[in-house]
Amino acid sequence: MEGCSGLEIYREAIVIDMACPLASYKDCFDLWIRGGATSIAVTVTEEIEDDIAPAIQKTAAWLQRIESGSHRLLLVRSVEDIYRAKRENRLGIIMAFQNTRMLGKDLNMIRVYYQLGARVIQLCYNTRNDVGDGCAERTDAGLSIFGERAIREMERLGIAVDLSHTGYRTTMEAMEVCTKPPIFSHSNAKALCDSRRNITDDQIRSVARKGGVIGLTGYPGFLGRRHPSMNDLLDHADHIIKVAGIDHMGLGIDYYEGMAGIADPKEARELYDRFITAGTWAKEEYPPPPWHYPQGIDRPDTLYNIGESMKKRGYSRDNMRQLLGGNWVRVLGETWR
């Protein structure tokens with residue numbers, strides 16, 4: 001099997017993309033189907049929303065989308081559902097939230113979202129909330145008492161604790177609280193691109209010690225390039241693997257609605273201005289559009305090209321299977337039970 005092409009290895013592997021906000025936009029989930037993904041973690045709510053009602057409404061919309069498209073889509077509530085999606089040639093949908101604002105300061109809401117299908121919750125989205133500070137906050141205040149309680153309830157129910165977009169001190173303190181492996185669903189190496197959205201070697205080592213996984217992201221601002229190459233992306237993979245080991249790297253490409261090839265320039269600029277005005281994005285981390293993803297995987301329907309690039313990098317078949325989805329399967333199996 002070592003003589004197989006990168007594409008053949010990709011097709012036989014379980015492929016999981018752990019950060020997919022674009023999937024909620026105009027049924028763009030179909031792009032991952034064409035790209036050969038097994039399961040994707042969809043961003044259920046808008047990151048800047050601060051209310052329970054929109055989160056429930058968007059969750060209900062995803063449930064309806066999955067039900068009406070059940071011949072192609074499968075709601076993932078367990079690791080067995082990921083394997084089932086692969087067997088049945090359907091796209092597994094992992095419901096994920098990129099903030100905890102939708103809790104409305106009520107820990108009981110975690111159970112509600114879990115019952116509706118949520119399996120990944122990110123603590124912060126760049127700015128401060130009741131859990132702690134985001135990575136772009138001017139302070140580094142750390143995890144709150146409410147945040148500690150939220151983590152314990154998420155773990156009790158079986159929800160993965162996601163630390164992307166979250167401040168350094170908050171992530172480090174959260175990892176001290178975690179008894180199950182936490183994740184960084186979509187974060188690159190700060191050593192290679194000095195963005196507050198990327199993570200330090202200390203964070204990389206800490207999440208690895210906890211058994212967690214880091215999702216490699218293709219957003220150009222976190223790669224430090226306007227038109228990044230596949231080599232730019234895989235340089236971050238190599239660095240994280242060097243620091244943490246092969247067991248702690250996965251994919252979290254973070255394709256989203258404003259990207260080149262999806263949004264027209266006017267739509268992309270309006271989206272950018274909205275997030276900048278809201279204070280959710282800072283110009284230091286988020287340059288203005290156009291946003292080009294790494295050449296070769298410019299859109300989710302070309303994600304399969306990463307297989308041949310990994311093969312050329314010298315990754316073995318077994319290593320590729322880990323990076324494409326096997327490591328996510330392991331960590332989710334440990335956190336969801």
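Reader: Which residues do the ring pairs link into a cluster?
Author: In this predicted model, ring pairs join Trp 32, Tyr 219, Phe 222, Tyr 255, Tyr 256, Tyr 272, Phe 275, Trp 281, Tyr 286, Trp 291 and Tyr 293 into a cluster. Rings of Phe, Tyr and Trp (its six-membered ring) pair if their centres lie within 6.5 Å; planes under 30 degrees apart count as stacked, over 60 as edge-to-face and the rest as tilted.

Reader: Before we go on, what are the ground rules?
Author: Residues are numbered from 1 along each chain as its sequence is written, and side-chain values use heavy atoms, with hydrogens and water left out. Since this is a predicted model, local features need pLDDT of at least 70 and side-chain atom pairs count only at pLDDT 80 or more, while totals for chains, interfaces and linings use all residues.

Reader: How many aromatic pairs does the structure hold?
Author: There are 16. In one of them, Phe 222 and Tyr 286, the ring centres are 5.6 Å apart and the planes at 80°, so that pair is edge-to-face. Phe 222 sits in the loop between strand E8 (213-216) and helix H9 (230-244), and Tyr 286 in the loop between helix H10 (265-278) and helix H11 (305-313), 64 residues apart. Helices (H or I, at least four residues) and strands (E, at least two) are DSSP runs, numbered from the N terminus.

Reader: Are Phe 222 and Tyr 286 buried or exposed?
Author: Both are buried. Buried means under 20% relative accessible area, exposed over 50%, partly exposed in between (1.4 Å probe, protein chains only).

Reader: And what about Trp 281 and Trp 291?
Author: Their ring centres are 6.0 Å apart with planes at 90°, so this pair is edge-to-face. Trp 281 and Trp 291 are in the loop between H10 and H11, 10 residues apart, and both are buried.

Reader: Which charged end sits over the ring of Trp 62?
Author: That of Arg 65, 4.2 Å from the ring centre. Arg 119 lies over the face of Tyr 114, at 3.8 Å from the ring centre. The rule is NZ of Lys or CZ of Arg within 6 Å of the ring centre and within 35 degrees of the ring normal.

Reader: OK, holes now. How many cavities of 30 Å³ or more come out?
Author: Two. On a 1 Å grid over the protein atoms alone, a cavity is a set of points where a 1.4 Å probe fits but cannot get out, and a pocket is an open set with protein on both sides within 12 Å along at least five of seven lines; lining residues have an atom within 4 Å of a point. Grid points are joined across faces, edges and corners, and a volume is the space filled by probe spheres set on the points.

Reader: What lines the largest cavity?
Author: The lining includes Met 18, Val 42, Phe 97 and Asp 162, and the volume is about 60 Å³. E2 gives the largest share of that lining, three residues.

Reader: And the second largest cavity, what's its volume?
Author: About 40 Å³. Glu 155, Lys 180 and Thr 335 are among its lining residues.

Reader: Last one: how many disulfides?
Author: Zero in the whole structure, where a disulfide is a pair of cysteine sulfur atoms within 2.5 Å. For Cys 20, the nearest cysteine sulfur is that of Cys 28, 11 Å away. For Cys 124, the nearest is that of Cys 135, at 8.8 Å.
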